[in-house]
Number of protein chains: 2
Amino acid sequence: MCIKIAILGLGTVGYGVYDIINKVPLLQNIKVVKILDKDFSKQELVNNIITDNYDDIINDKSISIVVETMGAGNFSYQCIKKALLASKHVVTANKEVVASHIEELTEIKSQKGVSFYYEASVGGGIPIIKQTHVASIVNQISEIKGILNGTTNYILSKMTNEKLPFANALKLAQEAGFAEADPTADLEGLDMVRKISILSDIAYQTNINIDKVWHFGIKNVSDIDITYADNLGYAIKFVASSSLVGENISISVEPKFVSKDSIIAKTSNEFNVVEIKCDYNDDLLFYGKGAGRYPTANAIVNDIIMIVNNDMNYTFKNRNTYRINELEESGKYYLRVKDKSLVEDKLIDKAIDNQILTKEVSFEEIKKQMENIIFYAKVVM
Amino acid sequence: MCIKIAILGLGTVGYGVYDIINKVPLLQNIKVVKILDKDFSKQELVNNIITDNYDDIINDKSISIVVETMGAGNFSYQCIKKALLASKHVVTANKEVVASHIEELTEIKSQKGVSFYYEASVGGGIPIIKQTHVASIVNQISEIKGILNGTTNYILSKMTNEKLPFANALKLAQEAGFAEADPTADLEGLDMVRKISILSDIAYQTNINIDKVWHFGIKNVSDIDITYADNLGYAIKFVASSSLVGENISISVEPKFVSKDSIIAKTSNEFNVVEIKCDYNDDLLFYGKGAGRYPTANAIVNDIIMIVNNDMNYTFKNRNTYRINELEESGKYYLRVKDKSLVEDKLIDKAIDNQILTKEVSFEEIKKQMENIIFYAKVVM
């Protein structure tokens, strides 16, 4: 039996998927028959199967799987929805669409009796979506944390290990192909907000409103922050984390001071790491490349294989309606402020110029200072 | 539809499986109906479903899944084989049986059209078997390495971090329930030989003869070895590794000097870690508890869920017949010898008393010294 699939978008990842399917002998019964793209100059590369008309794909009854690799945007969302409504299985790498529409799309795929998989949307080649789904069946997951963005981790690693200034590290990341021309979504943490929201949706069987996720970026991080952390035995890492206590979820994306000895501190450059805490299964940690043509394409192909093998279809037991906490944690913080005189003495443990290490304080206190704060990192471990 | 299962052995792991199945609401359609054990004093604990006659289970047509948690031994092997021959699905945690009989048992399960899963046989709660199977479909895996034995890692961690002598560290491991009363299989590396062989079978789609796997244990490791390593910036870890180059497999279980900065060095106490190198998917690393009632039972329950959901059935493309190399690697070695005068000067980089750091030498040279060697560790990054 031959399984026919269509790929939407012949970019880096889309071509990776095409390439793997055509090269791996064990995938002989899977055939890419149409590709949606506007660039007809790539026709020769793919045996003339490019079309710019999505209806060619939707109306082709022989196509059972649609693979979406076009990236952000309403058009991607519309294409995925149309494919599911046309009773086609969908595999996507699109974290924006999954983070915002997972509930609706899961509802449609269940009604239509097809599969909707999105392993490549979080953690590139790391099989974290599947593992979170599997773990959530038996376990109550209580915490997820990790580094889910390669660009910012690459920048912080270069600043830490090679003493590069921020601007040079960013440029290197762009030259290496990790950072987008407009790196705002990465630097402000929006990319990780989407990813930690998807993982939390699965882990807690709920539906996170991404607009409610606290995030503070690293665009103001400077070598003096890195040095300050280093002198105290810490590394600065840009960390996504969420935890469930009772009916309340705490979820955030923010810079953290982590012990130099921790595995999270040892996660360098474009690597990602995710830890999940489960009741029966204890802690699990997954580590690997979070992006790149082949790791991402490999994740997509694994999703396709799950469909072909008729594997477990992700379902949600019943959607829990948990409350997302205002971040109410307390802890020690590193602050670099515009005006030190605006910070009350009772909050300060140590200070050098405008760099402050606070005592144990509530996040409330930090929030009050937000206008005055150029960069902060929570001290953990 | 109710799925009926039998558990063989009501020990630590067997009871964990029983407990999870009865406690987790989502597993309501799975029912443990018989348990094979000789200890009838446990009847009340499990609603009087214990039998000591395996025929009661084999002949019960309503039982579709047999879960084996009895541990080593020919009886376990016979029970698994009988269950598969009776067209029952089998889930086992038994690394001895899987390492020695994977080919025969996979052959039988394929003939009978049932499933044979063994996630809990390697890495406890870490889903490494499944991931290796999944990765092997698309990728050529070229290397696997890691720490796959909690007992010996616990001992080395206590010796390193708390400066305990070997005997005390072993005693602590036994008190904590990690080490067996007879810890020989762990200390000599036989346990890791079985586990790395199972992973290699899957990764390279071959069949490793466990008798051909080089192993050198840690029963002679001493605090002076730990200190020597520490002074050079290394930690001593007991590492299983295998790699495939062309048609040749190099596979070993031996102590290694690893950089204190590496993730493998940061893997402490009873934790396990596994790294796999893939062509498309790059490096992947999995980390978690390698043993314990609930992590292991959780892995078994996940296998049961795969059967219930009719998930991917592990198959082997076609068994590759690779050659297992005599270890022919070269490298630097740390040696502690009985008689230093027996080691040729040209091999020695540094020496203090009977502790030697060699120059880059072939493993052949080390093997010649084996009678003279009390403890050795290969120096790796």
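Predicted model: local features only at pLDDT ≥ 70, side-chain atom pairs only at ≥ 80, totals over all residues.
**The nonpolar core**

Next, select Tyr54(B). Which residues does Tyr54(B) contact, leaving aside its neighbours within four places in sequence? Show Leu8(B), Leu36(B), Val66(B), Cys79(B), Lys82(B) and Ala83(B). Tyr54(B) also belongs to the largest nonpolar core, which holds 184 residues.

**Aromatic pairs**

Turn to the rings. The count over all chains is 26 aromatic pairs. Start with Tyr228(A) and Tyr334(A), a tilted pair: 4.9 Å centre to centre, with 40 degrees between the planes. Colour by secondary structure here. Tyr228(A) sits in helix H10 (residues 223–231) of chain A, and Tyr334(A) in strand S14 (residues 330–337) of chain A. The two are 106 residues apart, so the pair links distant parts of the chain. Tyr228(A) counts as buried because its relative accessibility is 9%. Tyr334(A), at 0%, is buried too.

Move to chain B and pick Tyr333(B) and Tyr376(B). This pair is edge-to-face, at 6.0 Å centre to centre and 65 degrees between the planes. Tyr333(B) lies in strand S15 (residues 333–337) of chain B, and Tyr376(B) in strand S19 (residues 373–379) of chain B. Again the pair links distant parts of the chain, 43 residues apart. Buried or exposed? Tyr333(B) is buried, with a relative accessible area of 0%. Tyr376(B) is buried as well, at 0% relative accessibility.

Back in chain A, select Trp214(A), Phe216(A), Tyr333(A), Phe363(A) and Tyr376(A). Ring pairs link them into a cluster.

**Both chains**

Finish by zooming out to chains A and B. How does chain A lie on chain B? A turn of 180 degrees and a shift of 0.0 Å along the axis superpose chain A on chain B with an RMSD of 0.0 Å. That is the relation of a two-fold axis. The same surface serves both copies: of the contact residues of chain A, 100% recur in chain B.

Methods. Residues numbered from 1 in each chain as written. Chains lettered and ligands numbered in written order. Heavy atoms only, no water. Least-squares fit on C-alpha atoms with pLDDT ≥ 70 in both. Contact = heavy atoms within 4.5 Å. Core = buried A, V, L, I, M, F, W, Y, C linked by side-chain atoms within 4.5 Å. Buried < 20%, exposed > 50% of the residue type's maximum accessible area, 1.4 Å probe, protein only. Phe/Tyr/Trp six-rings, centres within 6.5 Å; stacked < 30°, edge-to-face > 60°. Helix = DSSP H or I, 4+ residues; strand = E, 2+ residues; numbered from the N terminus.
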